[in-house]
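Morning, everyone. Please have the sequence and the model up while I talk.

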Amino acid sequence: MLKGCRSLCLVMLALAMLCACERYDKESLLISSYTYPEDLKPQCMDESLQGQTASTDDLKTTKGIRFNVRTPANYNSQFAHPLLVVYAPAGRSRRATERFTGLTQLATETGFIVAYVDSRQLSIAVIEELGSIPDLIASQWCVDKQRIFLTGHSDGGTVAHALAFLDSTRQIPAAIAPSAAGINGEEIAEQQCPEPLPVMVIHNSDDRYFPGFGAQTVTWWAGCNQCSKTPVKLPKAGCIVYPDCANDVQTMYCEQPGTHSSWPQLNKVMLDFFLASRTQ
């Protein structure tokens with residue numbers, strides 16, 4: 001299981017590349033306000049939801065995995081927010097992952113609560129522990145539990161995949177968008193399909209550590225989602241979609257030029273995909 005994480009040498013080389021090539025716009029780290037719809041009705045009236053507005057750092061799971069939470073700057077604790085959990089590449093901290101992905105500004109502006117999670121050496125037990133984070137956040141902030149979304153890069157992308165197909169965690173995500181994940185078609189084919197799920201697989205064309213893995217895994221997801229076998233090009237850079245999926249879920253694959261060390265410049269496409277996702 002998860003043999004894509006088996007090579008420590010590959011992981012450490014990829015990590016070195018990520019550290020050396022990190023690029024981000026400081027504005028992307030800013031926390032934005034969200035324009036709440038005027039007709040939005042309160043969904044959370046529980047006074048025990050005491051999560052802070054904007055930035056909360058150094059939270060941890062029961063086994064000590066640390067994560068940070070970002071909310072809109074004008075966070076309203078009565079309204080249920082979509083939650084985006086971002087899992088880290090191997091060896092990366094939650095803070096480095098926030099800088100690497102640059103999701104904070106756009107996500108909070110769009111109304112998301114965002115969590116960034118430290119990496120851990122992967123195992124089934126660790127992945128299940130990482131899957132506990134959405135519930136921990138929902139115990140403190142007003143989260144729409146029907147709109148929990150998962151992404152991550154490299155090891156983080158593998159986590160997003162695994163949480164969506166493992167029996168013990170597959171009920172968590174409403175959609176996933178793994179990037180540069182270290183799991184290939186042969187390995188994912190060993191898993192049992194979950195119920196149809198919106199999936200956006202992202203993989204750079206010049207990824208030499210996990211070459212072609214994204215194209216392989218999206219084929220498996222398209223089969224699980226009972227989509228048409230012939231994908232259709234979208235008017236979005238490098239993206240295709242498999243049509244006619246069960247329950248009208250979207251199954252998308254996006255590939256752009258770039259190496260394993262690059263976070264794809266698809267943040268708006270990803271967030272729009274999550275907001276449009278439906279599982280039934």
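First, the ground rules. This is a predicted model: local features need pLDDT of at least 70, side-chain atom pairs count only at pLDDT 80 or more, and totals for chains, interfaces and linings use all residues. Residues are numbered from 1 along each chain as its sequence is written, and side-chain values use heavy atoms, with hydrogens and water left out.

Now the overview. The protein chain has 9 helices and 10 strands. Helices here are DSSP runs of H or I with at least four residues, strands are runs of E with at least two, and both are numbered from the N terminus. Of the 280 residues, 55% are buried. Buried means under 20% relative accessible area, exposed means over 50%, and partly exposed lies in between, with a 1.4 Å probe and protein chains only.

Next, strand S3, residues 81–87. 7 of its 7 residues are buried, so S3 is largely enclosed by the rest of the structure. What does S3 pair with? Pairing needs at least two DSSP bridges between two strands. S3 runs parallel to strand S5, residues 143–153, with 6 bridges. There, Tyr87 is partnered with Gly152. S3 is also parallel to strand S4, residues 113–117, over 5 bridges. In that pairing, Val85 sits opposite Ala115.

On to the disulfides. How many does the structure hold? There are 4, counting cysteine sulfur atoms within 2.5 Å as a pair.

Take Cys44 and Cys142, with sulfurs 1.9 Å apart. They link distant parts of the chain, 98 residues apart: Cys44 is in the loop between helix H1 and strand S1, Cys142 in the loop between helix H5 and S5. Cys44 is buried at 14% relative accessible area. Cys142 is buried at 0%.

Then Cys193 and Cys224, also joined by a disulfide. The torsion about their S-S bond is about -70°, so this disulfide is left-handed. Is Cys193 buried or partly exposed? Cys193 is partly exposed, at 39%. Cys224 is buried, at 5%.

Last, Cys227 and Cys245, with sulfurs 2.0 Å apart. This link is right-handed, with 105° about the S-S bond. Both cysteines are buried.

In sequence order, the bonded cysteines pair 1-2, 3-4, 5-7, 6-8. That's my tour.
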